[in-house]
Amino acid sequence: MLTFTIRRLLLSIPTLLFIAFVIFMLLELAPGDPMAQMPLTIPPEVKEKMRLALGLGEPWWVRFPLWLKQFFIVEPQYWIDSAFGTNFADGAQRIISFQSRSPVFDTIAQRMPQTLWVVGMSYVVGVLIALPIGIISAYRQYSVFDQTGTFVSMIGFSVPPFFSGVLLIVIFSVQLKWLPSIYDTTHVVNSWDSFVVQLRQMIMPVMVLALQTTAQVSRYMRASMLDNLTQDYVRTARAKGMSESVVVMKHVLRNSMIPVITVIALGIPAIFGGAIITEQIFKVNGLGQLLIIALQGNDIPMVMTITFLLAVLIVMMNLIADVLYGILDPRIRYD
Amino acid sequence: MPDGTTPVLDVQDLKTVFRTRGGEVHAVNDVSFSLRKGELLGVVGESGSGKSVTMMSLLGLLPVPPAEIRGGRVMFDGQDLLQIPAKTLREVRGGKIGFVFQDPMTSLNPVFTVGYQIAEPLRKHMGLSKKAAAVRSRELLELVGIPDAEQRLLDYPHQFSGGMRQRVMIAIALACDPQVLIADEPTTALDVTIQAQILELMKELRDKLGMAVIWITHDLGVIAGIADRVMVMYGGQVVEHAPVHDLFSNPKHPYTTALLKTIPSIAGERAARLTVIDGQPPLVVGPPTACPFRDRCAQAMPVCATKVPSRYDVGDGHDAACFLVDPLEVAHAG
């Protein structure tokens with residue numbers, strides 16, 4: 001298993017390099033000018049100088065390796081320096097945002113916690129709700145519970161977050177005035193009361209994202225459980241005198257989790273993508289909003305870096321899903 | 001090797017139906033039989049005759065719904081298995097009655113080690129510690145003839161061949177020294193040499209452990225070699241029941257006679273074709289109103305279509321459900 005993991009990690013390097021190249025070339029070939037939002041009073045020759053100052057005078061075969069060097073060498077050096085007080089980076093140029101002229105990674109580090117809180121929490125909540133729903137729906141197939149679950153997950157599948165989000169805001173913020181419609185990023189949790197405030201502002205974005213997760217994962221869980229509940233080994237377990245809880249929660253669940261684990265792992269990058277829209281609606285000052293603003297401002301280094309980080313996440317989650325597969329299913333051995 | 005007359009298992013008038021869209025399928029109709037200590041009862045019949053369903057009904061292993069046990073009594077250990085609470089029934093399953101299923105390839109859980117799966121009933125029913133269960137599991141694997149048992153306990157089912165997996169299944173069924181072992185076509189999925197090995201193993205184990213065995217099969221050759229008594233099932237009913245020698249030498253029911261003719265002989269000239277029983281076995285929708293075999297029976301009489309034959313005693317523990325041996329009908333004809 002270890003050699004498999006190492007081999008896969010090594011293989012992911014060329015994959016990621018290729019992805020980086022594709023993203024870079026897409027941004028390169030896309031129309032748009034980082035200077036477009038500058039005031040019209042700035043003369044064209046000054047704009048041209050500003051362009052040159054941003055490094056846009058160089059051809060792509062210079063800028064792409066430079067970005068790679070900054071991403072893979074300078075940035076890690078910088079973070080090691082700031083953590084251990086060493087001096088590897090030695091003042092080398094970091095990736096700089098066109099818009100804010102500050103290092104891209106500093107901005108990302110500022111925005112990350114908000115996204116992780118909302119997105120991460122919603123995913124954990126979504127999965128934790130989905131698994132029991134899937135198990136019970138399958139065990140009591142066609143019961144009222146199962147029918148309700150099917151109905152709710154159909155809604156979760158078909159209603160996009162930009163609709164359900166706005167709907168929640170209209171009901172709970174505008175009409176009932178129970179919850180704030182805007183997520184306050186500057187809010188600091190330091191007491192019980194401020195924790196309650198944080199909880200209240202998190203509820204709606206978390207629920208919107210969790211609905212999607214729950215809908216998807218619970219359907220997979222249900223299907224997988226149904227597949228396994230009719231297997232011969234389940235009858236064997238019953239014939240051995242095992243109680244229903246052991247039969248279902250041990251024998252069946254262990255087998256059913258194998259495909260579901262893949263769905264859960266591969267869903268993590270997808271939920272980050274989905275969060276872009278949800279963050280806009282609830283004004284969460286997170287990564288998704290950062291990406292949207294960067295796209296609008298033609299902030300190529302920022303867009304490039306965030307998109308590439310998402311790609312890294314996808315590749316890593318694929319790897320993790322494969323490794324978990326091997327751990328859960330003894331029939332799969334990679335070595 | 002029956003050693004007395006007290007039955008360990010006594011089934012009376014068992015009735016099981018399946019609710020389907022096409023109506024109620026009566027899979028088991030008033031099946032009665034008993035099993036004495038140390039005895040091997042063979043149950044034969046073609047596919048769909050209700051053999052497996054009968055045995056699974058005894059232990060409540062059928063999915064409810066669609067299955068439903070409509071009536072009957074299953075006396076075991078002084079209690080009716082159909083009436084006792086689920087918890088008590090679970091103590092009987094795997095503890096006092098072991099079950100071996102037909103398909104060894106799918107009957108073991110693929111994600112647990114064989115050692116774990118054998119130890120599970122040991123820990124539950126006999127309350128053994130992890131260590132004691134491991135020791136006993138090794139003994140069981142050795143008992144069923146799996147070499148290198150200590151190592152193999154750590155293996156997963158997919159690392160075993162079909163025959164070896166069936167041995168593991170038998171080891172699980174035998175784990176808690178059951179009084180009764182129900183083997184549901186345990187050799188059907190295996191090739192002939194492995195089948196012979198398993199048969200030898202079962203005979204040996206029965207002699208060694210003295211348990212009663214119910215052996216379900218559709219292979220009469222197997223039955224001839226291993227059983228003490230035979231029960232022939234057709235359309236969810238017991239059509240004939242006799243000591244093994246009696247059944248083969250003196251079959252009373254036309255179905256049994258036809259079944260015996262289908263056994264290919266290796267002696268003499270090679271027959272041009274295998275003998276078959278014409279027609280299809282019936283799917284019994286609704287309660288039976290006539291003899292289920294009448295459409296395929298060469299000796300069918302008008303009375304066969306009007307009522308269900310009961311099991312008429314023809315002497316020496318031999319009975320058959322056919323109007324040909326009904327004393328009343330015989331008197332009529334005579």
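A residue is called buried if 20 or more other C-beta atoms lie within 10 Å of its own, exposed if 12 or fewer do, and partly exposed in between, with C-beta atoms placed from the backbone. By this count Leu56(A) is partly exposed, because 15 other C-beta atoms lie within 10 Å. Leu56(A) sits in the loop between helix H2 (44-53) and H3 of chain A. Helices (H or I, at least four residues) and strands (E, at least two) are DSSP runs, numbered from the N terminus. Leu56(A) and Thr107(A) are 51 residues apart in sequence, and their C-alpha atoms are 22 Å apart in space.

The model is predicted; local features need pLDDT of at least 70, side-chain atom pairs count only at pLDDT 80 or more, and totals for chains, interfaces and linings use all residues. Residues are numbered from 1 along each chain as its sequence is written, while chains are lettered from A and ligands numbered from 1 in the order in which they are written. The predictor assigns the complex an ipTM of 0.83 and a pTM of 0.81. For chain B the average pLDDT (the predictor's confidence in each residue, from 0 to 100) is 82. In chain B, 93% of the residues score at least 70. Where pLDDT is low, predicted coordinates should not be read in detail.

Chain A holds 11 helices and zero strands. Its pattern along the sequence is α-α-α-α-α-α-α-α-α-α-α. Along the principal axes, the C-alpha atoms of chain A fill a box of roughly 85 × 60 × 40 Å. Of its 335 residues, 30% count as buried. Two residues are in contact if their C-beta atoms, placed from the backbone, lie within 7 Å. Among the contacts in chain A with a separation of 6 or more, 72% join residues 24 or more positions apart.

Chain A divides into domain 1 (16-84) and domain 2 (111-328), with bounds from an automatic or database domain assignment. The centres of these two domains, taken over C-alpha atoms, are separated by 34 Å. Contact between them involves 13 residues of domain 1 and 12 residues of domain 2 of chain A. On the domain 1 side, helix H1 (2-29) and helix H3 (60-84) of chain A are the elements that give two or more residues. H1(A) supplies the largest share, six residues. By class, this side has 10 nonpolar, two polar and one charged residues. Here Ala, Val, Leu, Ile, Met, Phe, Trp, Tyr, Cys and Pro count as nonpolar, Asp, Glu, Lys and Arg as charged, and the others, Gly among them, as polar.

The contact between the chains takes 19 residues from chain A and 23 residues from chain B. On the chain A side, helix H8 (232-239) and helix H9 (244-282) are the elements that give two or more residues. H8(A) gives the most, with seven residues. The chain A side divides into six nonpolar, six polar and seven charged residues.

In chain B, the assignment gives domain 1 (7-96 + 182-202 + 211-262 + 277-285) and domain 2 (106-175). Their centres, over C-alpha atoms, lie 26 Å apart. The contact takes 10 residues from domain 1 and seven residues from domain 2 of chain B. Helix H7 (residues 192-209) of chain B contributes the largest share of the domain 1 side, four residues. That side has six nonpolar, three polar and one charged residues.

Four strands of chain B form an open sheet in the order S2-S1-S4-S5, with antiparallel pairing. Strand S2 (23-36) and strand S5 (79-80) of chain B stand at the edges, each with a single partner strand, so one side of each is left without a neighbour in the sheet. Two strands pair if DSSP finds at least two bridges between them. Strand S1 (residues 7-20) of chain B and S2(B) pair in the antiparallel sense over 10 bridges. Pro7(B) has Arg36(B) in S2(B) as its bridge partner.

The buried residues of helix H10 (residues 254-261) of chain B are Pro254(B), Tyr255(B), Thr256(B) and Leu259(B). Their cover includes helix H8 (220-226), strand S9 (229-234), strand S10 (237-243) and helix H9 (244-249) of chain B. A nonpolar core is a set of buried Ala, Val, Leu, Ile, Met, Phe, Trp, Tyr and Cys residues joined through C-beta atoms within 7 Å. The largest has 138 residues. Those with the most contacts inside it are Ala171(B), Val180(B), Leu181(B), Val213(B), Ile214(B) and Val239(B). Not counting residues up to four places away in sequence, Ile214(B) touches Leu35(B), Leu41(B), Val43(B), Met55(B), Val180(B), Ile182(B) and Ala183(B).
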